Number of protein chains: 2
Amino acid sequence: MEAPRPLILITNDDSVDAPGIHHLADCVRSLGDVYIVAPAHPHSGQSAALTVNAPLRITELPSEKDGIRLFTVNGTPVDCIKLALHTIVPRKPDVVFSGINHGSNSAVNVTYSGTMGAVIEACMQGIPAVGFSLLHHSMKADFTFSTAFVANIAADVLANGLPAGICLNVNIPARVMPEGIKVCRAARGHWSDEYKRYLDPHGVPFYWLTGRFINDEPDAEDTDEYWLNCRYVSVVPTLVDQTAADALKALASRFDN
Amino acid sequence: MEAPRPLILITNDDSVDAPGIHHLADCVRSLGDVYIVAPAHPHSGQSAALTVNAPLRITELPSEKDGIRLFTVNGTPVDCIKLALHTIVPRKPDVVFSGINHGSNSAVNVTYSGTMGAVIEACMQGIPAVGFSLLHHSMKADFTFSTAFVANIAADVLANGLPAGICLNVNIPARVMPEGIKVCRAARGHWSDEYKRYLDPHGVPFYWLTGRFINDEPDAEDTDEYWLNCRYVSVVPTLVDQTAADALKALASRFDN
């Protein structure tokens, strides 16, 4: 009996309507059977948020491509992974891919990223998982140069898996053919000047998120920010378990009683 | 000139109406001036989600207690921290506390926790930060036994700070006087049987999140799950930077080109 084709589950946070997720599916569909289970509406900045107290719906849409089935869920990227594993896919997927996000998820932005929230969820469930993001926010972003890099990383992870508890956060420079791939660490940083203030027609203020990212270590040459600036694809191995193992002893001597 | 009193910023994810946040404020208000900036509505399971494309409002409410000012934001716990730092507090707070959450944030639940999303945001901004959670979901939970433990941990962190990039995830057993405090690592695990399926009046299915937590290492004696079962307060030092530093070399040899 022939071995079944690999099962590939794909989601994103920009919704089923974003070109990036369909480009991702095209990059990998020669590798196996593809299930796309994506949010019905955009969920950027939703991190690992999940819907705890509202009903979720699954809708299957017609797919125009062989080997791809297409579903939406009226929830977050994490909801998509959880509900897909519970109800939609016929068996545990061999791999989960998320993206291709329209916009960067480098550095500390992994914390806020719905794209990576889904990846961390899959990793927690024991499935090798990779998030892909292009450094271009526009829904008209050009994904052409990303194709070979996405396909190669995806094929490697499908063939060789990933260490337990570790997923990959892949960011791709925009508008250029990347120079290559670099495995690196996330740059430390934070956002600044984060809100624009307005007055509503009644003179009452409201605030809208904006701001700029500050790289707290611009001189470091081993970070994703550095290599993305050098036009490389950055690959950051990312831990599900956030325990600061190196700090356990010193803090135990301070707090244990 | 006298040194100013310490500035303490408090938020949570259960909203300004939850008793836990007011108990937390009572535990620490002898230590400094307290600003509570809390979500106007519950945001459990919102992780580090932020509001990227909608207006945010700040509302100051009357506070019944000396030394406490009380604000709500119509957003997530991370929105509360970001907007508080940008606009509400008079200077950078000396410490940020989040909680006391009505319900556990132990083990992998830190990933989904809005309580801890706010703490990680504060840590990213360079402020010592601690999340407190009681292992009791009810809005009628009894926080009495938590008081001395919360006050002691808060006073220590205010006096001595925390290592850069590390915040604390504190969980407190319910309904008992804790035996003591243990610094420990987060137990690895995942959720199972996560959805209940219903049919709506038209016969169309919908799904509601439920499930049970599976501790993947029930025999380990150095995890938060273990010590909580022994009736200890668990303190997990938690990293903002999720880079899997130990995996960089092996993965570089596989992907770099």
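**Exercise 1. The interface in numbers**

Task: Find how many residue pairs are in polar contact across the interface of chain A and chain B.

Solution. Step 1: the rule finds 33 residue pairs in polar contact across this interface, both residues at pLDDT 80 or more. A polar contact is a pair of N or O atoms within 3.5 Å; within protein, one must be able to donate a hydrogen and the other to accept it, and residues adjacent in sequence count only if both atoms are side-chain atoms.

Step 1: helix H2 (residues 77-88) of chain A gives the largest share of the side of chain A that touches chain B, 6 residues. Helices (H or I, at least four residues) and strands (E, at least two) are DSSP runs, numbered from the N terminus.

Keep the source in mind. This is a predicted model, where local features need pLDDT of at least 70 and side-chain atom pairs count only at pLDDT 80 or more, while totals for chains, interfaces and linings use all residues. Residues are numbered from 1 along each chain as its sequence is written, chains are lettered from A and ligands numbered from 1 in the order in which they are written, and side-chain values use heavy atoms, with hydrogens and water left out.

Step 2: 76 residues of chain A are in contact (heavy atoms within 4.5 Å) with 76 residues of chain B.

Step 3: the area buried between the two chains is about 6800 Å², and carbon and sulfur atoms give 58% of it. Buried area is the accessible area (1.4 Å probe) that two parts lose on being put together, summed over both.

Step 4: the rule also finds 9 salt bridges across the interface of chain A and chain B. A salt bridge is a side-chain nitrogen of Lys or Arg within 4 Å of a carboxyl oxygen of Asp or Glu. A:Arg57 forms a salt bridge with B:Asp200, with the closest N and O atoms 2.8 Å apart.

**Exercise 2. One helix, two sides**

Task: Sort residues of helix H6 (residues 248-255) of chain A into buried and exposed.

Solution. Step 1: the buried residues are A:Leu251, A:Ala252 and A:Phe255. Buried means under 20% relative accessible area, exposed over 50%, partly exposed in between (1.4 Å probe, protein chains only).

Step 1: seen down the axis of H6(A), these buried residues fall within an arc of 110 degrees, so they line one face of the helix. The arc is that of the directions from the helix axis to the C-beta atoms.

Step 2: on the other side of H6(A), A:Lys249, A:Ala250 and A:Ser253 are exposed.

**Exercise 3. The partners of A:Arg185**

Task: Trace the salt bridges of A:Arg185 with A:Glu217 and A:Asp222.

Solution. Step 1: A:Glu217 and A:Arg185 meet in a salt bridge (2.7 Å, N to O). A:Glu217 is buried at 16%, and A:Arg185 is buried, also at 16%.

Step 1: A:Asp222 forms a salt bridge with A:Arg185, at 3.0 Å between the closest N and O atoms. A:Asp222 lies in the loop between E12 and H5 of chain A and A:Arg185 in the loop between E8 and E9 of chain A, so the pair ties together parts 37 residues apart in sequence.

Step 2: a network of salt bridges links A:Arg185, A:Arg188, A:Glu217, A:Asp222 and B:Asp241.
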